[in-house]
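Here's a quick walk through the fold, going from the order of the elements to the sheet and then to the helices. Have the structure open as you read.

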Amino acid sequence: MNPPVTFPLCINSTCKVADTCLRSRAYREMSGPHRESITIVHPDDATGDEHCARFYDAAPVRMAYGMRSALAAVPHGNIAAARSELIALFGERTFYKKRNGERALSPAEQEAVTEILVRYGAEAPLQFDRCTEDYLW
C-alpha cells in the first residue's frame, strides 16, 4: 500500500478498529520508497474504538476514469450546456483532466456528473470510460 504523503496515518497499536481503518492499514502495509517522515493522527484523536473521530473506512470504492462515454449519452443539442455545468462544478482544467481520464472521479463526483447529464437528457445508468477499485484517500 502506498498512501499519499499528505494522508495522515494512525500508529495506535491497540486500536480495536485497526483492521477496517485505512489510516491504520496504510501505516502497517506501507510499501514503495522509504520515507524519511510521515504525517500521523495526533494520539489524542486516535481513540482506538468504534467512535474514533479519525476513523477512515478501508473498504475500496469504485473510481471512474474518463467521461467521454457518459457525455456521448447526452443529446447533441444539450451537450454544450451540460459541459458548461460540469466545468462550473470542477473548474475548466480539472473538468478536462477528468473527462480525459487523467484524474479519477470519486463515487460522489460520479453521482454529481450523473445528475447533471441526466438533467440534460442522458439515461441512467451512465457508463464511464474505465472503472477501478481503489481506496478513497
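This is a predicted model: local features need pLDDT of at least 70, side-chain atom pairs count only at pLDDT 80 or more; totals for chains, interfaces and linings use all residues.

## Order of elements

Start at the N terminus and follow the chain: its elements come in the order α-β-α-α-α-β-α-β.

## Overall dimensions

How does the chain's radius of gyration stand against that of a compact globule of 137 residues? The globule would come in near 14 Å, but the chain has 19 Å. Along the principal axes, the C-alpha atoms take up a box of roughly 60 × 30 × 25 Å.

## The sheet

The 3 strands make an open sheet, ordered S2-S1-S3, with antiparallel pairing. S2 and S3 are the edge strands, each pairing on one side only.

Now look at S1, residues 61–65, and its two partners. With S3 (residues 130–134), S1 runs antiparallel and is joined by 5 bridges. Val 61 is a handy place to look here, with Asp 134 as its bridge partner in S3. With S2 (residues 104–105), S1 is again antiparallel, and 2 bridges do the joining.

## A helix across the strands

Which strands does helix H5 lie across? H5 covers residues 107–119 and lies across S1 and S2. Relative to S1, H5 runs at about 55°.

## Where H3 meets H4

Next up is the pair formed by H3 (residues 79–90) and H4 (residues 92–99). These helices pack at an angle of about 110°, and their axes are 7 Å apart. Since angles of 65 to 115 degrees count as roughly perpendicular, that makes H3 roughly perpendicular to H4. As for handedness, H3 and H4 have a right-handed crossing.

Which residues make the contact between H3 and H4? On the H3 side you'll find Arg 83, Leu 86, Ile 87 and Phe 90. They meet Glu 92, Thr 94, Phe 95, Tyr 96 and Lys 98 on the H4 side. By type, the residues of this contact split into 5 nonpolar, 1 polar and 3 charged.

Terms used:
Residues are numbered from 1 along each chain as its sequence is written. Side-chain values use heavy atoms; hydrogens and water are left out. Axes are lines fitted to C-alpha atoms, for helices over the stretch in contact, and angles run from 0 to 180 degrees between N-to-C directions. Helices (H or I, at least four residues) and strands (E, at least two) are DSSP runs, numbered from the N terminus. Angles under 35 degrees count as roughly parallel, over 145 as roughly antiparallel, 65 to 115 as roughly perpendicular and the rest as oblique. A crossing is left-handed if the near helix is turned anticlockwise from the far one by less than a right angle, and right-handed if clockwise. Contact means heavy atoms within 4.5 Å. Ala, Val, Leu, Ile, Met, Phe, Trp, Tyr, Cys and Pro count as nonpolar, Asp, Glu, Lys and Arg as charged, and the others, Gly among them, as polar. Two strands pair if DSSP finds at least two bridges between them. The radius of gyration is taken over C-alpha atoms; the globule rule is 2.2 Å times the number of residues to the power 0.38.
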